[in-house]
Amino acid sequence: MSLLKYESQQREPLVDGNKDYHQITEDIIGPIEMKPSRLWYIGFYISVALLMFGVYSIYREVTYGIGQWNLNKTIGWGWDITNFVWWVGIGHAGTLISAILLLFRQGWRTGVNRAAEAMTIFAVMCAGQFPIWHMGRVWMAFFVLPYPNSRGPLWVNFNSPLLWDVFAISTYFTVSLLFWYSGLLPDFATVRDRAKTKFRKMMYGVAAFGWTGSTKHWQRHESLSLVLAGLSTPLVLSVHTIVSFDFATSVIPGWHTTIFPPYFVAGAIFSGFAMVQTLLIVVRKVMNLQDYITLGHIEAMNKVIVLTGSIVGCAYLTELFIAWYGQNPYEWYAFSQNRANIFTPYGWSYWLMMFCNVVSPQLFWSRKLRRNITVTFFMSIIVNIGMWYERFVIIVTSVYRDFLPSSWSTYYSPSIWEIGFYLGTFGLFFTCFFLFAKYFPVIAVSEIKAILKTSGENYKAKMTDIEKSDAEKFYIEKVEHAH
Amino acid sequence: MAGGIKKFVVGSFDDEAVLFPAVKNVRKAGYKIHDVYTPFPVHGLDHAMGLRETSLHTAGFIYGVTGTTTALTFMTWVFTKDWPLNIGGKPNFALPAWIPITFELTVLFAAVGMVLTFCYLCNLAPFVKKHHFHPRATDDLFVMAIECTDKTDDASLQSFLQNTGAKEVNVQIAETGWWIGRYDKEQKLYREEKGY
């Protein structure tokens with residue numbers, strides 16, 4: 001058998017076990033065809049219950065008004081915008097994996113990109129809820145769209161970062177969805193062609209859009225994926241940049257800094273990867289996909305976590321330094337008192353954030369810990385908590401003491417309906433994710449097949465034999481001819 | 001292309017390393033490959049079949065430019081002509097502040113346009129029904145379909161395919177819908193490509 005491609009033996013295999021093309025289909029599509037497990041039902045019902053609680057919280061907020069939340073005179077944005085930024089940030093890892101790592105030709109992305117992209121889409125759906133319901137009169141939400149209207153027409157303010165957000169988030173959602181779905185077409189076709197029941201054949205047939213696997217279609221599909229990746233890469237950077245503009249273009253101490261865009265983007269990727277770890281560590285175990293989401297994959301993601309965590313740490317120290325160096329008394333007060341002074345009302349949240357985001361990820365410099373599932377899982381939760389607190393610190397500590405000290409006394413803590421809304425988005429997220437895990441191929445089957453012969457464990461073993469026999473002969477016969 | 005009943009000789013391969021020489025030999029022998037159906041993108045197969053490059057990315061560029069101009073002209077018209085607003089005494093033509101929306105619309109137009117074009121060109125839509133030559137073409141087989149003409153001797157073609165390494169060979173009659181045979185024109189003949 002001649003080899004089509006050759007990959008260095010230094011690289012860990014990306015697909016473990018003795019696999020062939022059919023086995024990959026069986027392993028990944030198989031769970032879709034089985035009845036969901038008891039664990040799945042329990043998880044799904046808990047998610048739906050949370051979602052219902054969220055719906056009720058929103059009902060209260062819409063019926064009685066924003067007063068249902070404990071926002072006050074100085075804190076006009078509290079948990080809601082914190083949650084918005086947090087969820088948007090979570091989404092970023094999915095696009096990074098599916099787009100940026102595709103451009104960088106990182107083979108390991110194939111194992112995790114489908115689930116990570118699904119996470120992106122669900123996270124953006126959750127994020128979108130917060131600004132929409134925060135509008136109060138939500139039935140007028142469509143006023144944010146620039147459409148010809150009977151009020152003049154009075155247009156939206158294109159100079160406002162809040163409107164940029166509308167465009168950024170909706171574009172991000174649309175493009176992510178298209179990218180994800182175009183990748184799903186061939187895999188839906190695989191499910192359709194294996195289907196035993198008429199109903200399944202019809203449903204997946206509709207979902208697969210009549211995909212046949214024609215060479216010409218694949219050629220176009222490859223071109224489409226590459227260009228969509230190229231478009232998504234600046235897009236994902238722009239989205240959190242624009243989210244950070246919501247703060248950075250204002251004149252509030254602690255927000256008015258130029259470091260915000262890169263700092264927000266790094267933080268977003270950091271928290272997103274943590275969420276991918278949380279989800280995939282569970283998924284690989286429950287669905288028996290350890291051969292496809294290997295320890296190597298988890299280690300690679302932990303490397304991204306330690307890198308982005310350190311970037312975020314540098315950003316924290318930089319903004320602290322610049323606040324002092326800039327000698328603006330308000331800016332320095334916000335940092336030295338409202339945040340870094342642990343004895344002020346919210347000082348604890350700053351140090352909690354510092355610990356979770358800067359100190360704890362440093363554990364991942366150790367290879368042993370990077371490859372430890374339990375440590376990774378706990379770390380992913382800690383990072384997610386830390387990144388939530390980052391947004392909380394930025395928002396609340398900057399606004400709870402405004403320029404009028406007489407309004408400083410009120411301590412903001414969320415009402416049950418604010419918390420309920422947040423829990424409700426968890427419900428939405430996990431309801432979607434459970435449905436995805438049951439009915440969708442959670443790993444990109446066709447992409448795994450495409451890398452099998454270069455990165456599959458059994459194929460790598462065969463290459464080793466050939467290599468050993470005669471390195472020079474191997475090079476001339478196999479490598480040169482392959483190209 | 002008008003519909004009709006067409007006959008195909010179909011050979012299924014289980015290894016892409018066998019498929020490549022087979023494609024070459026079939027084309028060399030003067031047969032015209034209707035299509036090869038694969039479970040994943042096999043790199044270089046399009047070249048081996050003599051298909052031309054896709055220009056989908058060019059379409060994407062054009063859609064992107066459309067998005068850029070749409071955003072810029074619309075915002076300019078709104079803020080300088082239709083309803084100029086004084087926002088903090090800043091200029092009405094506030095180009096730097098419009099960059100984010102311009103960028104987002106560029107990406108949006110390019111992505112949506114490209115996906116729709118892709119679906120149109122490949123005839124992909126929710127309720128489209130197509131003839132599938134082999135159910136395992138989306139699983140683990142590489143399925144080559146060769147269109148028969150009046151002159152084709154399908155018995156000899158079948159044995160020819162078997163000799164090139166096909167695991168399964170059969171003859172199928174397919175009703176050609178409007179999607180079949182679309183690529184006839186863009187596939188070069190082997191001898192034209194090699195110049196003899």
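Trainee: Is helix α15 (residues 445–455) of chain A largely enclosed or open, and why?

Mentor: A residue is called buried if 20 or more other C-beta atoms, placed from the backbone, lie within 10 Å of its own; it is exposed if 12 or fewer do, and partly exposed in between. Helices (H or I, at least four residues) and strands (E, at least two) are DSSP runs, numbered from the N terminus. In α15 of chain A, eleven of the eleven residues are buried, so the helix is largely enclosed by the rest of the structure. Among the buried residues are Glu447(A), Lys449(A) and Lys453(A).

Trainee: What should I know about the model and its numbering?

Mentor: This is a predicted model, in which local features need pLDDT of at least 70, side-chain atom pairs count only at pLDDT 80 or more, and totals for chains, interfaces and linings use all residues. Residues are numbered from 1 along each chain as its sequence is written, while chains are lettered from A and ligands numbered from 1 in the order in which they are written.

Trainee: How many helices and strands does each chain have?

Mentor: Chain A has 17 helices and zero strands, whereas chain B has six helices and four strands. The order in chain B is β-α-β-α-α-α-β-α-β-α. Buried residues account for 49% of the 483 residues in chain A and for 35% of the 196 residues of chain B.

Trainee: Which residues have the most contacts inside the largest nonpolar core?

Mentor: In soluble globular proteins, nonpolar side chains tend to be buried together. A nonpolar core is a set of buried Ala, Val, Leu, Ile, Met, Phe, Trp, Tyr and Cys residues joined through C-beta atoms within 7 Å. Here the largest has 146 residues, and Met119(A), Val276(A) and Ala111(B) have the most contacts inside it. Its largest share, 16 residues, is supplied by helix α5 (residues 161–194) of chain A. Another core, of 24 residues, lies apart from it and includes Phe13(B) and Met144(B).

Trainee: How many residues of chain B are in contact with chain A?

Mentor: Two residues are in contact if their C-beta atoms, placed from the backbone, lie within 7 Å. By this rule, 56 residues of chain B are in contact with 53 residues of chain A. On the side of chain B that touches chain A, α4(B) gives the largest share, 18 residues. That side divides into 41 nonpolar, seven polar and eight charged residues. Here Ala, Val, Leu, Ile, Met, Phe, Trp, Tyr, Cys and Pro count as nonpolar, Asp, Glu, Lys and Arg as charged, and the others, Gly among them, as polar.
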